[in-house]
Amino acid sequence: MGPKSERVYRTIREWIAAGKYSPGSKLPSERTLSEELSIGRTALRQVLAKLVNERVIEVHGRSSYRVPDRSVTTQAPGDLEPWQIHGERTLYDNRWVKLSLVDVEPPGVERFEHHVVRLHHVAIAAVIDDQDRVLMLWRYRFVPASFGWELPGGIVDEGEDPAATALREVEEETGWRPDALEHVVTYQPMVGMVDSPHEIFVGRGAKHVGDPTDLEESGHVAWVPLADIPGLMERGELMGSGTLVALLHVLASRAAGPSPTTAA
């Protein structure tokens, strides 16, 4: 965009940030904006398209724009019942994986045994530097028999704080020590059958303290530009749900505007 478009872009963002147009309110028509901001309709549409892409505004219909109302949330229904658990028996158990049969009874359904795989609690970290690059590992995974990019992370030891795990794993696998990490989400990667809580952390800045010490888990260490992430995703070069969830959070946060984990 040219200087005039950049000026208009900043002006509209400032209007919304200052509350001139509140959440859920409609922006003036393109004609009104064009006249008020002294910009041509074609250039204005480019600015509006950028704001839509960044989710600062939403488009309704052909050329009607609104400020998103993020205070509106979906209400969870309150009339559903949880499944009843009548017991559990172990089929296999070792230090890495436990396979059980759980006696369950969904509401209105005859009870049956459901397989459940219990894995470890995991912590994963996305560390961003001041050049908008993310610290990643290119390594081979024999289960899918392929190479790919991953974020550093690993198993939370018994009694260990997941944040401490994330910090430790980044340093052990990459040789970089994060300045700080912020927890952003906990999720289950395969909620229908596998129990393995994944904790996602995001931080900005790290100090190089030496070579990786976890040789089994380390790979080729690189700072990957965030701008390259959508292309890597499209080519299937990002491995693991934790890597995808963390990077999607980072990209979504950047599109929504500055935050503690993405601001310079």
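This report covers aromatic ring pairs and lysine–ring contacts in a predicted model.

## Aromatic pairs

The structure contains 6 aromatic pairs. One of them joins tryptophan 138 and phenylalanine 147. The pair is stacked, with 6.0 Å from centre to centre and 5° between the planes. The angle is under 30 degrees, so the pair falls in the stacked class.

Tryptophan 138 is partly exposed, at a relative accessible area of 30%. Phenylalanine 147 is partly exposed too, and its relative accessible area is 47%.

Tryptophan 176 and tryptophan 223 make an edge-to-face pair because their ring planes stand at 90°, where over 60 degrees is required. The ring centres are 5.1 Å apart. This pair connects distant parts of the chain, as the two residues are 47 residues apart. Tryptophan 176 belongs to strand β10 (residues 176-178), and tryptophan 223 to strand β15 (residues 220-225).

Is tryptophan 223 buried or exposed? With a relative accessibility of 16%, tryptophan 223 counts as buried, because the cut-off for buried is under 20%.

## Aromatic cluster

Trp138 and Phe147 also belong to a single aromatic cluster, together with Tyr140 and Trp149.

## Lysines over rings

Two aromatic rings with a lysine over the face are described here. Lysine 20 sits over the face of tryptophan 15, and its distance from the ring centre is 3.9 Å. Over the face of tyrosine 9 lies lysine 50, at 4.3 Å from the ring centre.

Conventions:
Residues numbered from 1 in each chain as written. Predicted model: local features only at pLDDT ≥ 70, side-chain atom pairs only at ≥ 80, totals over all residues. Heavy atoms only, no water. Phe/Tyr/Trp six-rings, centres within 6.5 Å; stacked < 30°, edge-to-face > 60°. Buried < 20%, exposed > 50% of the residue type's maximum accessible area, 1.4 Å probe, protein only. Helix = DSSP H or I, 4+ residues; strand = E, 2+ residues; numbered from the N terminus. Lys NZ or Arg CZ within 6 Å of the ring centre and 35° of its normal.
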